[in-house]
Amino acid sequence: MLTWVPTKQGKRPSRPSEGIVDFCRQPFESLEDPLVRVWWWPVDEWHSELLVIAHHLVMDGYSGPELIDELAAAHFAAVGDTAVPDAASEGDLYAYAARSNQDARRSERDLADDFWVKALEDLPYEPLLARSTAVPASGDGLVIRSIDVTTASSLRRVARTRRAGLPTLFGAALAGQLAEDRGRTEVTIGIAVDHRPPEYAHTVGMFVDVLPLRVQVPDPSPSTADNLLSQVREGLLDLLDHASTPSARIFRMLRLRKPIEVSLSVRSSWNTSRAVGNSTWSVEELRLPESPYPCTVDVTQEPDGTITIAIYYQGQHLHAEEACALADGLVNRLLVCADAETGTVR
């Protein structure tokens with residue numbers, strides 16, 4: 001469901017400067033409202049640019065280029081260059097959502113249920129991010145840190161040489177940092193897992209779930225990073241074997257309202273070279289803190305090779321100083337990892 005927001009009559013802005021931040025920050029207050037917003041504006045006689053804001057319930061990171069391709073195909077068909085592709089063979093997102101809801105509510109057990117019961121047995125109920133009682137609750141917030149191209153390249157090399165991906169590397173770093181900050185030998189973090197079925201390969205929609213991963217951290221020091229990374233990698237492989245279980249079913253089955261309080265998502269920015277109008281601008285304020293978790297670590301691989309770490313936090317669970325400390329500790333831990341790979345001494 002789309003809503004179209006045209007530019008004001010008589011105005012032809014070359015960049016989305018007027019009202020764009022307010023437009024992006026407008027909350028999705030009801031599922032009855034449009035869940036995808038489109039802002040189009042002409043640049044000159046031959047070029048226009050397009051901004052798409054989507055609720056996290058209806059689009060994952062893979063959906064961005066798919067949506068742009070569909071809009072571009074519809075545009076070229078409208079001007080008579082090509083025919084609109086037949087979408088009849090695409091998976092039906094409504095049917096997928098209905099099936100996932102049935103899976104979450106079904107009464108019979110299966111082998112996946114047994115896996116989750118064993119994996120989360122005796123999970124502690126105290127909050128992972130137990131805030132300091134001496135500091136009053138404050139509003140929600142956002143902390144952003146950047147990793148330069150050279151360090152980001154080293155981190156990708158670290159992941160490749162250890163047969164892991166960036167989600168595994170960042171998951172290990174986050175688990176180690178949380179264990180160090182909170183003085184724990186075990187943490188449970190949420191890992192964003194892609195479970196897009198083959199028949200939905202080109203369907204715009206949300207095919208990502210956040211599943212709980214339990215990590216033992218007997219020694220959180222950076223020197224044990226390899227052992228922690230191996231544990232997270234093996235744990236993720238187990239999760240992938242049972243990723244079809246909706247997180248709502250896991251929470252319901254184990255009677256856990258929030259077994260995890262920190263979620264991690266690692267993704268790539270849309271390939272801007274494919275965007276209509278060849279848009280290359282970016283605005284940091286466009287990042288929307290849409291998450292049901294008190295703290296979300298959103299890691300983005302940018303088109304220029306850098307990595308952006310955005311930490312969204314809710315004030316009643318985490319105050320600004322703690323969020324900044326978590327961000328700085330995570331970045332420092334990753335720098336140690338990159339330096340160990342290159343032999344750099346800071």
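**Notebook: sheet, cavity and ring pairs**

I began with β5 and β7, which pair in the parallel sense over two bridges. Within this pairing I found Gly-190 standing opposite Ser-263 of β7. I note here that the model is a predicted one.

Next I followed β7 to its pairing with β8. β7 covers residues 262-268 and β8 covers residues 295-301. I read seven bridges between these strands, which run parallel. I looked up two partners in β8: Val-299 is the bridge partner of Val-266, and Gln-301 is the bridge partner of Ser-268.

I then wrote down the whole sheet. In what order do the six strands of the open sheet come? I read the order as β4-β9-β8-β7-β5-β6, and the pairing is mixed. Which strands are at the edges? They are β4 (141-147) and β6 (208-216), each of which pairs on one side only. From one strand to the next the twist averages 20 degrees.

I also checked what lies across the sheet at β4. Helix α5, residues 149-161, lies across β4, β8 and β9 (307-313). I noted an angle of about 85 degrees between the running directions of α5 and β4.

I count two cavities of 30 Å³ or more. The largest cavity holds about 80 Å³ of space. Which helices each supply at least two residues of its lining? I list α6 (166-182), α7 (225-241) and α9 (320-342). The lining residues of the largest cavity are Leu-169, Ala-172, Ala-173, Ala-225, Leu-228, Leu-229, Arg-333, Leu-334 and Cys-337. I sorted this lining by class and got eight nonpolar residues, no polar ones and one charged. Arginine counts as charged, so I assign the charged place in the lining to Arg-333.

Last, I went through the aromatic rings. How many aromatic pairs are there? The count comes to four. I looked at the pair of Tyr-96 and Phe-207 in detail. Why is this pair called tilted? The ring planes of Tyr-96 and Phe-207 stand at 55 degrees, and angles under 30 degrees count as stacked, those over 60 as edge-to-face and the rest as tilted, so the pair is tilted. I read 4.8 Å between the centres of the two rings. I placed Tyr-96 in helix α3 (residues 93-105) and Phe-207 in the loop between β5 (186-194) and β6. The pair links distant parts of the chain, with its residues 111 residues apart.

Note on methods: Residues are numbered from 1 along each chain as its sequence is written. This is a predicted model: local features need pLDDT of at least 70, side-chain atom pairs count only at pLDDT 80 or more; totals for chains, interfaces and linings use all residues. Side-chain values use heavy atoms; hydrogens and water are left out. Two strands pair if DSSP finds at least two bridges between them. Helices (H or I, at least four residues) and strands (E, at least two) are DSSP runs, numbered from the N terminus. Axes are lines fitted to C-alpha atoms, for helices over the stretch in contact, and angles run from 0 to 180 degrees between N-to-C directions. Contact means heavy atoms within 4.5 Å. On a 1 Å grid over the protein atoms alone, a cavity is a set of points where a 1.4 Å probe fits but cannot get out, and a pocket is an open set with protein on both sides within 12 Å along at least five of seven lines; lining residues have an atom within 4 Å of a point. Grid points are joined across faces, edges and corners, and a volume is the space filled by probe spheres set on the points. Rings of Phe, Tyr and Trp (its six-membered ring) pair if their centres lie within 6.5 Å; planes under 30 degrees apart count as stacked, over 60 as edge-to-face and the rest as tilted.
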